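Hi,

Here is the structure I promised to pass on. Have a look at it first, and my notes follow below.

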Amino acid sequence: MVCRSGWPGGYAAGCGSWPGGEPPTAGCIDFQTVKAADTVEAATCGYDAGKKIKGQKRHIAVDTLGLLLCVIVTAASVQDRDGAHPLLALLTEKYSTINLVWADGGYAGRLVTWARDVLRLAITIVKRTDDMGGFVVLPRRWVAERTLAWLTRYRRLVRVYERKPEHHEAVVWWATVHQMTRRLACELAGQLPAGRWADPPPLPDLSSPDRRGKVLELLASQPWRAWKGTELAALLEIENINSFRVQLSQWSHQGYINKIGPALYGPIPAST
């Protein structure tokens, strides 16, 4: 049985607190090649010929929910199987209950035999078939790939800036802690996060008598949204968009509005 996952800080997501909840029994491993800045030591960098990137690799192990269990940073020139050796050893050391790991075709070969004989760990290789074309969601592998996508949403993790691999591993853990605390805060408050592609909440009734107050009400109703000047003008029934953009710029410089970005100044739609 594949159970729900445990969190390294002592919390088991969805199954109570450790050790009362079930520890993880299965996971998934994958890697990600990231470009390195000039602040990174040359001895810890390498060139990934497959991705054509000079930098470092993040080798991660996640549970069935995609929560991070282990991470190891190596040079990009390190092969996938070679980077998976210390990763799997650390994984079995921290989580002795894990007995099954899914991986892609790059981990096939001697790693599977070594993990079975030394770590008593079964590695299931999920391969792409020759008749697959384009993007295809493969079983189990997408969980680790989704976690890597979560990490790249943090600007600090888009590129490696830390001088030593241990420092970059710490930054990765900070990002996962931020993800987990946000989930816990929503659960404790009884607020389930809205789906990314769900319909946006309805706009509020604009009660302010002036135009600036109505703009502030719209920005406050959906603070995560990148508003465009044309959208605000359409909601406020403003015909002269150029004059409205000048007003937005003035309010921004005066300090009344502090969430105006380049998205507000998009191109004017062609009139039909």
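When I say patch, I mean residues with over 30% relative accessible area and no salt bridge, with nonpolar side chains joined within 5 Å. Also keep in mind that this is a predicted model.

With that in place, there is a nonpolar patch on the surface made of Phe135, Val137 and Trp142, and together they have about 370 Å² of accessible area. Trp142 belongs to helix H3, which covers residues 141–152. Its relative accessible area is 38%, so Trp142 counts as partly exposed.

Next up is helix H7. This helix runs over residues 241–254, 14 residues in all, and spans 20 Å from first C-alpha to last, close to the 20 Å expected at 1.5 Å a residue. Which of its residues are buried? Those are Ile241, Phe244, Arg245, Leu248 and Trp251. Looking down the axis of H7, the buried residues fall within an arc of 120 degrees, so they line one face of the helix. His253 and Gln254, on the other side of H7, are exposed. As for what covers the buried residues of H7, helix H5 (211–221) and helix H6 (229–235) are included.

Last one: His168, in helix H4 (residues 165–188). Is this histidine buried or exposed? His168 has 0% relative accessibility, and because buried means under 20%, it counts as buried. Setting aside neighbours within four places in sequence, His168 is in contact with Arg58, Val73, Leu157, Val160 and Glu162.

Cheers

Technical notes: Residues are numbered from 1 along each chain as its sequence is written. This is a predicted model: local features need pLDDT of at least 70, side-chain atom pairs count only at pLDDT 80 or more; totals for chains, interfaces and linings use all residues. Side-chain values use heavy atoms; hydrogens and water are left out. Patches are made of residues with over 30% relative accessible area and no salt bridge: like charges are joined within 9 Å, nonpolar side chains (Val, Leu, Ile, Met, Phe, Trp, Tyr) within 5 Å. Accessible areas come from the Shrake-Rupley method with a 1.4 Å probe; for residues, only the protein chains shown count as cover. A salt bridge is a side-chain nitrogen of Lys or Arg within 4 Å of a carboxyl oxygen of Asp or Glu. Helices (H or I, at least four residues) and strands (E, at least two) are DSSP runs, numbered from the N terminus. Buried means under 20% relative accessible area, exposed over 50%, partly exposed in between (1.4 Å probe, protein chains only). The expected span of a helix is 1.5 Å times one less than its number of residues. The arc is that of the directions from the helix axis to the C-beta atoms. Contact means heavy atoms within 4.5 Å.
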